[in-house]
Amino acid sequence: MLRSVILAAARSSQVERLVATAPFTRDVVRRFVAGARTDDALRATRALVDDGLAVTLDFLGEDTVTAEHANATRDEYLKLLGVLSEAGLTPPAEVSVKLSALGQMFDEQLAYDNARAICAAADAAGTTVTLDMEDHTTTDSTLDILAKLRKDYPSTGAVLQAYLRRTESDCRELATAGSRVRLCKGAYREPESVAYQSAREVDKSYVRCMNILMSGEGHPMLATHDPRLIAIGEDRARWFDRGPDRFEFQMLYGIRPEEQARLVSDGYTVRTYVPYGDQWYGYLMRRLAERPANLAFFGRALLSKK
Ligand SMILES: Cc1cc2nc3c(=O)[nH]c(=O)nc-3n(C[C@H](O)[C@H](O)[C@H](O)COP(=O)(O)OP(=O)(O)OC[C@H]3O[C@@H](n4cnc5c(N)ncnc54)[C@H](O)[C@@H]3O)c2cc1C
């Protein structure tokens with residue numbers, strides 16, 4: 001019920017106008033999105049890097065349906081990488097890319113070509129790219145494109161979602177030397193046939209996947225705000241003797257900033273995922289709609305900085 005209300009709101013331009021002008025929304029947006037422009041992304045990145053954090057930048061937008069729009073997204077990433085490089089912010093800053101924003105929904109080859117151009121620019125700037133993971137219908141396509149990109153750009157990162165039943169097996173495949181893998185719980189609404197439905201099952205899967213990645217050969221990126229999972233991550237880092245150059249924690253911009261700082265001061269690498277761009281309405285509403293539990297997630301974040 002809640003989900004359909006949010007989804008209806010996400011499609012309504014009237015609601016968008018209402019939400020966009022509400023004072024509450026401005027506060028939410030300001031807290032979770034760096035701003036609309038490349039300069040805003042640069043400013044947020046510099047502040048985070050000055051505080052000892054690494055950064056991954058996401059130019060907001062997904063489910064692109066025209067080549068023109070997909071190419072414009074690619075061009076924004078190329079511009080961003082140039083600006084970051086000139087500012088001396090690479091390698092601490094890398095970029096996160098959604099293949100659906102690059103054309104994956106209607107032309108996989110175009111999405112691959114665009115992603116490849118971004119990887120080449122990142123490589124020239126001395127940094128790298130992580131391919132965000134979207135809903136389960138795109139997992140195979142995204143992992144195929146990842147494998148192709150890694151032939152020339154082996155540091156291209158993958159994202160695996162602990163809620164998918166297939167993910168333990170994907171972790172085993174990807175826990176190889178040099179392989180960067182972000183492990184998150186997963187943000188989309190998925191059917192029981194492919195995904196664990198209860199929080200407990202998802203958390204248990206996360207720990208199993210973390211064990212595979214932390215005991216493997218690759219570079220795990222533990223993306224979670226969950227205190228229990230972070231504590232288990234710290235434990236596994238000690239157990240498998242992984243220093244700050246061999247794994248990292250990742251959290252979203254504006255979520256638990258004090259915990260991000262605490263981990264940095266304890267000597268861990270922490271990367272903040274920073275979204276920017278004017279497509280913030282879709283970003284916030286889709287997060288809520290895909291998983292209504294995220295309503296509490298954003299609500300909690302507004303009430304607490306811990
Ligand atoms: C860097 C990063 C990249 C991501 N990339 C992707 C992706 O490519 N694809 C994808 O599907 N999903 C992605 N996600 C989203 C992810 O899948 C989850 O939906 C999201 O992170 C919420 O799950 P959680 O692990 O943080 O814990 P949750 O289950 O949301 O929360 C668990 C516990 O964490 C604590 N907590 C959570 N939020 C707060 C808060 N604001 N304040 C205080 N305590 C809090 C609470 O104790 C809570 O009970 C990404 C997440 C991160 C952090």
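1. On conventions, residues are numbered from 1 along each chain as its sequence is written, and side-chain values use heavy atoms, with hydrogens and water left out. Because the model is predicted, local features need pLDDT of at least 70 and side-chain atom pairs count only at pLDDT 80 or more, whereas totals for chains, interfaces and linings use all residues.

2. Around the ligand there are 25 residues, of which Met133, Lys185, Gly186, Thr224 and His225 come nearest (a residue is near a molecule if one of its heavy atoms lies within 4 Å of it). By class, the shell divides into 13 nonpolar, five polar and seven charged residues, with Gly counted as polar and Tyr, Cys and Pro among the nonpolar residues.

3. Polar atoms of the ligand pair with both backbone and side-chain atoms (pairs of N or O atoms within 3.5 Å): a ligand oxygen is 2.6 Å from a polar backbone atom of Gly186, a ligand nitrogen is 2.8 Å from a polar backbone atom of Met133, and a ligand nitrogen is 3.1 Å from an N or O atom in the side chain of Arg182. Of the 950 Å² of accessible area that the ligand has on its own, the protein covers 85% (Shrake-Rupley method, 1.4 Å probe).

4. Met105 is exposed, at 51% relative accessible area, where exposed means over 50%.

How values were computed: Polar contact = N/O pair within 3.5 Å; in protein donor to acceptor, adjacent residues only side chain to side chain. Buried < 20%, exposed > 50% of the residue type's maximum accessible area, 1.4 Å probe, protein only.
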